[in-house]
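Welcome! Here is a short tour for someone meeting this structure for the first time. Please take a look at the view below before reading on.

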Amino acid sequence: MPNLTSVTVRVPATTANLGPGFDCLGAALTRYNQFQFTALSPVDEAQPPILKIDVEGLEADRVQRDDRNLAYKAFCYFFRKRHQPIPAVHITLKLGVPLARGLGSSATAIIGGLVGANALAGSPLTPLQLLDFAIALEGHPDNVAPALLGGCQLSVRDQTTQAWTICPIHWSADIVPIVAIPDFELSTQAARSVLPQQCSYSDAIFNLSHVGLLIKGLEAGRENWIQTALQDRLHQPYRLALIPGFAEVFEAAMESGALGLVISGAGPTLLALSSAETAQHTAHQMQSAWRDAGVNAQVDLAHIDSKGAVVEAFE
Ligand code: HSE
């Protein structure tokens with residue numbers, strides 16, 4: 001007899017780095033992927049796990065429907081780490097976050113798989129325990145932390161204990177994120193491969209001072225602080241060449257009155273921050289600039305998601 005236990009997890013897109021906060025700062029946005037996990041049958045350890053995956057929504061034909069599916073890998077990771085058999089499962093994905101664009105689609109899959117597995121298992125792990133698994137799977141915390149917890153999150157690792165401290169950063173409602181999503185992809189692996197192995201003291205000092213100012217600027221909604229703070233020397237200078245039209249979109253955003261423009265995550269989506277007054281104009285100018293550079297892009301005013309991963313149904 002099939003086991004009808006089913007859980008649906010909604011996970012937000014994320015924008016990581018926010019300029020100087022490379023690999024440690026990220027925010028959840030109001031765009032979502034949804035993952036439904038339905039346990040198919042009682043576990044039979046003599047059988048390999050049974051898997052069925054259906055996908056609908058944005059770029060659904062691109063998503064793997066076998067055991068290479070990232071949400072399923074995370075689902076399995078949960079049970080393996082807990083030394084429990086992996087339940088046979090039917091996964092249904094509804095996708096609203098574009099793939100390989102710098103909006104944390106991988107993080108949604110990892111968080112969806114872990115939160116779904118935890119819920120089906122009766123919620124034995126806390127969110128922070130799940131986050132440890134997620135960071136191990138993703139390799140860096142800046143997408144998975146806000147995808148799980150919502151809001152803007154700073155992730156800091158203790159050198160002695162290796163434990164993560166996840167610190168919520170208030171994001172003033174006066175600061176509007178604008179995401180410009182081009183119609184080409186850039187893999188995180190490719191965008192990390194261009195980074196140098198080492199950085200100078202001056203670049204490290206530049207970034208740590210800017211990320212401190214950015215956090216204070218976001219919290220207070222201080223536009224002049226954010227204007228200065230959205231600068232980076234650790235990753236963006238090396239990645240610009242991978243994003244055709246970056247210079248043109250940057251110039252258009254700044255001329256339209258944006259506070260700054262950065263690469264969202266590893267790119268190629270670009271993120272501008274703006275006041276509410278100029279946001280619509282900035283979005284329009286960014287879209288035009290990318291179009292003039294030969295790139296189609298979807299440009300949206302976004303909001304910060306405050307909820308993170310939400311278990312929407314449990315039956
Ligand atoms: N911090 C990561 C990077 C985010 O910039 O490579 C991408 O997943």
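**Terms and model**

Ala, Val, Leu, Ile, Met, Phe, Trp, Tyr, Cys and Pro count as nonpolar, Asp, Glu, Lys and Arg as charged, and the others, Gly among them, as polar. This is a predicted model, in which local features need pLDDT of at least 70 and side-chain atom pairs count only at pLDDT 80 or more, while totals for chains, interfaces and linings use all residues. Residues are numbered from 1 along each chain as its sequence is written, and side-chain values use heavy atoms, with hydrogens and water left out.

**Around the ligand**

By class, the shell around the ligand holds 2 nonpolar, 5 polar and 4 charged residues. Among the residues surrounding the ligand are F22, D23, H140 and R192; a residue is near the ligand if one of its heavy atoms lies within 4 Å of it.

Let's look at some polar atoms. In the side chain of N17, an N or O atom is 2.8 Å from an oxygen atom of the ligand. For N143, an N or O atom of the side chain is 3.1 Å from a ligand oxygen. R239 has a polar side-chain atom 2.8 Å from an oxygen atom of the ligand. Taken alone, the ligand exposes 260 Å², and the protein buries 96% of that (Shrake-Rupley method, 1.4 Å probe).

**Two domains**

The domain assignment gives domain 1 (6–169 + 304–314) and domain 2 (175–301); the bounds come from an automatic or database assignment. Their C-alpha centres lie 25 Å apart. In domain 1, 24 residues are in contact with 35 residues of domain 2 (heavy atoms within 4.5 Å). The shell around the ligand draws at least three residues from each of domain 1 and domain 2.

Technical notes
Polar contact = N/O pair within 3.5 Å; in protein donor to acceptor, adjacent residues only side chain to side chain.
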